[in-house]
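Hello,

Here is the structure I said I would pass on. My notes on it follow below.

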Amino acid sequence: MTESLSITASAIDPGLLALPWSTPLADWSSHDIVYLPKGISRHLVRFATLSGRVVAIKETTAEMARREYDMLGSLDRLDVPCVQRVAVIDGRWAPAPRGAAQRDATRADGRHGEDAGGKPLASALVTAHLRFSLPYRALFTQVLRPDTANRLVDALAVLLVRLHNVGFFWGGVSLSNTLFRRDAGAFAAYLVDAETGELHEGGLTRGQREHDLDVAHTNIAGEILDLAAGGRLERGMDAVEIADGIISSYRSLWDALTGTETFAVGESWRITERVQKLNALGFDIGEMSIRTTPDGTRVSIQPKVVDAGHHQRRLIRLTGLDVEENQARRLLNDLDEYRARTGASDDDEEMVAHEWLTRVFEPVIRAIPFELRAKLEPAEVFHQVLEHRWYMSQARGVSVPLAEVLAGYIDEVLRYRRDEATVMGPATETLTVPIDLGSSAGPGSGSAGPGSSGPGSGSSGSGSVQAGSGSGAHDEEEPTGDWRDLV
Ligand SMILES: Nc1ncnc2c1ncn2[C@@H]1O[C@H](COP(=O)(O)OP(=O)(O)OP(=O)(O)O)[C@@H](O)[C@H]1O
Ligand SMILES: [Mg+2]
């Protein structure tokens with residue numbers, strides 16, 4: 001009964017009321033549902049349109065929905081990459097079947113509900129669908145290759161370091177609980193499932209961090225083994241070795257970010273060196289603790305506050321473009337090259353950046369035909385065009401003009417990729433195949449292909465691919481081919 005429906009949201013979208021909350025999510029019609037790839041999960045998750053955007057809806061208990069909603073709000077405020085919360089829907093009630101409803105209508109006390117044959121429905125957590133993000137199984141067709149696997153694991157390590165850095169203990173670290181966006185040849189990872197997380201204001205203990213790492217290692221190994229069992233892992237790849245990568249990547253990044261360095265007083269350049277090293281890794285130092293030994297001969301430094309997004313912030317300041325960290329690095333390199341090429345080195349940096357934006361970046365993006373614009377984000381397109389220029393120039397032994405490169409890239413590469421933006425559409429857009437439910441919470445399907453985003457990445461994976469639509473137990477979409485071919 002909608003009388004008891006309660007919606008919690010920081011900004012109420014009236015469209016929320018129009019969704020069929022009195023129907024179990026599993027029974028929502030294809031009119032309300034959008035079919036997009038998703039990871040394996042215990043709860044039923046489906047996508048729907050809400051006021052022109054796509055949202056993910058997860059049915060769960062009222063307590064868990066509220067807890068996760070609060071946690072996502074805190075993580076968002078702490079500026080770590082995660083999906084954005086939209087609302088919690090409580091008090092859902094499926095009306096009584098027709099006959100019972102009629103009996104109910106005759107009741108003198110006018111009471112509704114279970115007595116009359118209606119039944120309570122699970123609460124729902126609504127989050128915004130992260131545009132251009134994909135679950136790891138949807139990032140490749142056919143088989144997962146070592147290079148793609150390592151890049152996924154590296155991206156997850158960066159996410160885990162960032163979460164630990166703000167005092168977030170995840171508890172459920174896994175590839176399935178992460179969404180990936182392309183980031184100039186690498187991936188950027190976003191937390192999608194905060195259900196098991198805890199925020200510790202005083203920071204995490206070593207034991208808590210190690211526990212998360214342990215969970216990550218076990219889950220990744222399981223997820224990769226599951227791909228292997230389904231014939232979706234390149235031959236010769238060792239699941240445990242891939243999982244080991246999370247430990248080494250995490251540790252080296254954590255040490256680079258937080259480790260104490262001690263050196264002789266005369267070597268103060270080591271402070272600058274440390275700052276530059278962190279900047280190169282994409283982090284800024286907010287605060288550095290510097291101590292000298294009692295005899296004054298040695299100095300210890302330790303970064304105290306580090307923020308990710310060093311290149312992102314610089315690019316936003318110069319151009320207003322808000323992109324992923326590696327994309328920002330790539331665009332800034334091109335900007336620097338432009339500056340050198342045009343002899344504008346002594347000019348004001350912001351002025352040159354504006355010139356580069358209007359003369360180089362924007363014309364490339366505007367040249368992409370409208371119908372191809374959902375394939376990749378603009379910054380990723382630009383990165384790929386630069387890669388394409390490099391390959392073409394290498395092959396010809398001369399520098400190929402950007403206009404020519406662009407035409408070639410659009411026709412030979414971009415046109416053959418599948419859309420990675422939100423696919424708004426009916427079930428015919430769906431690319432799901434049943435997953436192996438025998439693997440319970442573990443991942444069930446996978447595929448392969450170049451995770452790499454160089455021009456070569458338009459590889460033509462073909463054919464039967466397992467879809468990224470995870471809750472196969474619930475979703476009934478028909479397999480219609482593989483939309484990740486040529487990704
Ligand atoms: N906002 C979102 N944007 C894109 N995909 C999403 C979003 N929310 C959920 N998903 C997809 O749905 C899947 C399941 O969501 P989630 O992990 O929160 O469910 P769960 O049942 O809590 O998982 P678990 O089994 O790990 O407890 C995710 O792997 C992801 O692919
Ligand atoms: Mg999950």
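Ligand 1 is surrounded by 24 residues, the closest being Gly 39, Ser 41, His 43, Ala 56 and Asp 193 (near: C-beta atom, placed from the backbone, within 6 Å of the molecule). Strands β4 (53-60) and β8 (123-128) each supply at least two residues of this shell; strands, like helices, are DSSP runs numbered from the N terminus (E, at least two residues; for helices H or I, at least four). By class, the shell has nine nonpolar, 10 polar and five charged residues (nonpolar: Ala, Val, Leu, Ile, Met, Phe, Trp, Tyr, Cys and Pro; charged: Asp, Glu, Lys and Arg; polar: the others, Gly among them).

This is a predicted model: local features need pLDDT of at least 70, side-chain atom pairs count only at pLDDT 80 or more, and totals for chains, interfaces and linings use all residues. Residues are numbered from 1 along each chain as its sequence is written, with chains lettered from A and ligands numbered from 1 in the order in which they are written.

Helices α9 (residues 349-366) and α10 (residues 378-396) pack at about 105°, axes 10 Å apart (axes are fitted to C-alpha atoms over the stretch in contact; angles run from 0 to 180 degrees between N-to-C directions). The two are therefore roughly perpendicular (65 to 115 degrees). Phe 361, Val 364 and Ile 365 of α9 meet Pro 378, Val 381, Phe 382 and Val 385 of α10 (contact: C-beta atoms, placed from the backbone, within 7 Å). That contact has seven nonpolar, no polar and no charged residues.

Finally, three strands form an open antiparallel sheet in the order β9-β11-β12 (pairing: at least two DSSP bridges). β11 (residues 178-183) pairs with β12 over six bridges, and Asp 183 stands opposite Ala 186 in β12.

Regards

Notes. Parallel < 35°, antiparallel > 145°, perpendicular 65-115°, else oblique. Contact = placed C-beta atoms within 7 Å.
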